[in-house]
Amino acid sequence: MKDPVRIAITGGAGQISYSLIFRIAAGDMLGPDQPVILQLLEIPQAMEALNGVVMEINDCAFPLVRDIVATDDPNVAFKDIDYGLLVGSKPRGPGMERKDLLEANAAIFSVQGKALNDHASRDVKVLVVGNPANTNALIASCNAPDLDAGQFTAMTRLDHNRAMTQLAQKTGRHVNDVESLIVWGNHSATQYPDISQCRVDGKPALELVERDWYESDFIPTVQQRGAAIIKARGASSAASAAAAAIDHMHDWALGSDGIVSMSIPADGSYGIEEGIIYSYPVRCKGGSYEIVQGFEIDAFSREKMQATENELREERAAVEHLLG
Ligand code: NAX
């Protein structure tokens with residue numbers, strides 16, 4: 001058996017964590033031979049609920065769980081961690097403007113960035129799930145100057161997985177037949193799910209579907225899927241978000257099967273200049289990720305990629321004073 005790794009999960013008493021923690025504990029993220037120490041962070045008001053979650057983890061008698069830490073102190077939660085899944089964030093309250101939401105979360109993620117900088121393993125891999133995820137990841141990264149910016153990522157894998165299924169269902173194929181689908185940009189309604197590079201069962205996706213379906217049905221359906229889930233379920237996506245977080249971390253740690261979408265620091269690739277965390281097509285291998293280069297970008301894609309980039313630059317401008 002390998003030595004245990006330390007995994008922090010913030011927002012441990014929330015909906016997504018209620019699915020995520022148990023799947024990590026079962027070995028779905030890092031494999032059935034990787035013992036884990038779970039370090040769960042909550043706010044003081046939610047510590048009692050978090051203790052209930054800890055009782056349930058204990059009641060599962062998971063063979064891979066070696067220890068559980070439950071705390072309301074980020075310095076304790078992030079101590080020596082190898083993986084950080086930053087799920088907890090402040091939800092939009094009544095009458096709250098987008099700018100207020102950005103600011104409230106910026107305050108949380110700047111504190112957490114500093115704590116990661118001071119206490120996490122130097123090789124920590126961080127995934128931000130809590131919204132606005134891309135900008136929260138940017139803030140955490142800017143407040144962690146001793147860690148590499150590339151160690152901070154945000155989750156667009158749920159959007160990627162949603163898009164895979166929409167296309168597979170439309171073409172009557174299975175998601176396993178879909179390759180090279182890309183989600184560009186922000187995890188928000190401006191994201192651009194792109195099938196122009198995509199193949200389904202080896203055939204170009206755009207030859208299998210009508211252009212009108214792609215532009216007027218597929219793209220808005222993927223962009224608005226979160227709202228559709230809330231309408232149907234009366235609560236936001238939780239199990240599917242947890243599954244996407246598992247996929248993101250699994251692939252980053254152990255390698256991806258083909259191209260996946262990850263929000264990572266922009267580096268000028270595809271004309272997206274530095275300073276934001278932007279979703280790109282990547283391949284993961286040996287514990288790292290690499291942007292897949294060389295796709296041709298047509299005018300339609302360029303416009304959509306630009307719109308979502310603009311939104312991320314606006315979000316950045318709103319929290320510039322917290323970027324450390
Ligand atoms: P919940 O409100 O059920 O849980 C959030 C938990 O975070 C709460 O228990 C709360 O007490 C805790 N929390 C708040 N501030 C904290 C802090 N400073 N430190 C530690 N814990 C803190 O939300 P849930 O449904 O679990 O969603 C969590 C986040 O994921 C939300 O921001 C949500 O918008 C976001 N999502 C992101 C997705 C993505 O694809 N990137 C998809 C799913 C989800 O909407």
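Author: In this predicted model, R313 has a relative accessible area of 28% and is classed as partly exposed.

Reader: Why is R313 called partly exposed?

Author: Partly exposed covers the range between buried, under 20%, and exposed, over 50%. The value for R313 is 28%, so the residue is partly exposed.

Reader: What makes R313 and E309 a salt bridge?

Author: The closest N and O atoms of R313 and E309 are 3.0 Å apart. The criterion is a side-chain nitrogen of Lys or Arg within 4 Å of a carboxyl oxygen of Asp or Glu, so the pair qualifies. Both residues lie in helix α10 (residues 299-318), 4 residues apart, about one turn of the helix. An α-helix has 3.6 residues a turn, so residues three or four places apart point the same way.

Reader: Is E309 to be called buried or exposed?

Author: E309 is buried, because its relative accessibility of 8% falls under the 20% limit.

Reader: What makes K170 and E210 a salt bridge, and which parts does the pair tie together?

Author: The closest N and O atoms of K170 and E210 are 3.6 Å apart, and the limit is 4 Å, so the pair is counted as a salt bridge. K170 lies in helix α6 (residues 157-171) and E210 in the loop between β11 (203-204) and α7 (211-223), so the bridge ties together parts that are 40 residues apart in sequence. K170, at 36% relative accessible area, is partly exposed, and E210, at 47%, is partly exposed as well.

Reader: How many salt bridges are there by this rule, and which residues form a network?

Author: The count is 12 salt bridges. R173, D177 and D201 are linked in a network. Another pair is R23 with D28, at 2.8 Å from N to O; R23 is partly exposed at 29%, and D28 is partly exposed at 35%.

Reader: What makes the pair of Y192 and F300 edge-to-face?

Author: A pair of aromatic rings is described by the distance of the centres and the angle of the planes. For Y192 and F300 the centres are 6.1 Å apart and the planes stand at 75°. Y192 is itself buried, at 0% relative accessibility.

Reader: How many aromatic pairs are there, and which residues form one cluster with Y192?

Author: There are 10 aromatic pairs. Y192, W213, Y214, F218 and F300 form one aromatic cluster.

Reader: Why is strand β2 described as largely enclosed?

Author: Of the 6 residues of β2 (residues 36-41), 6 are buried, so the strand is largely enclosed by the rest of the structure. V36, L38 and L40 point one way from the strand, and I37, Q39 and L41 the other way. In a regular strand the side chains alternate between the two faces of the sheet.

Reader: What makes β2 a partner of its neighbouring strands, and which crossovers connect them?

Author: At least two bridges are required for pairing, and β2 has 6 bridges in the parallel sense with strand β1 (residues 5-10), so these two strands pair. R6 has I37 as its bridge partner in β2. A further 6 bridges join β2 in parallel to strand β3 (residues 65-71), where D67 is the partner of I37. The chain crosses from β2 through helix α2 (residues 47-60) to β3, a right-handed β-α-β crossover. A right-handed β-α-β unit is also made by β1, helix α1 (residues 15-25) and β2.

Reader: Why is α1 also called largely enclosed?

Author: In α1, 8 of the 11 residues are buried, so the helix is largely enclosed by the rest of the structure. The cover over its buried residues includes β1, β2, α2, β3, β4 (83-86) and α9.

Reader: Which residues touch the most other members of the largest nonpolar core?

Author: They are L38, L85 and L167, in a core of 76 residues. Helix α9 (residues 239-254) gives the most to this core, with 8 residues. A second, separate core of 28 residues includes A8, F109, L147 and A154.

Note on methods. Residues numbered from 1 in each chain as written. Predicted model: local features only at pLDDT ≥ 70, side-chain atom pairs only at ≥ 80, totals over all residues. Heavy atoms only, no water. Core = buried A, V, L, I, M, F, W, Y, C linked by side-chain atoms within 4.5 Å. Buried < 20%, exposed > 50% of the residue type's maximum accessible area, 1.4 Å probe, protein only. Right-handed = clockwise from strand over helix to strand, strands pointing away. Phe/Tyr/Trp six-rings, centres within 6.5 Å; stacked < 30°, edge-to-face > 60°. Contact = heavy atoms within 4.5 Å.
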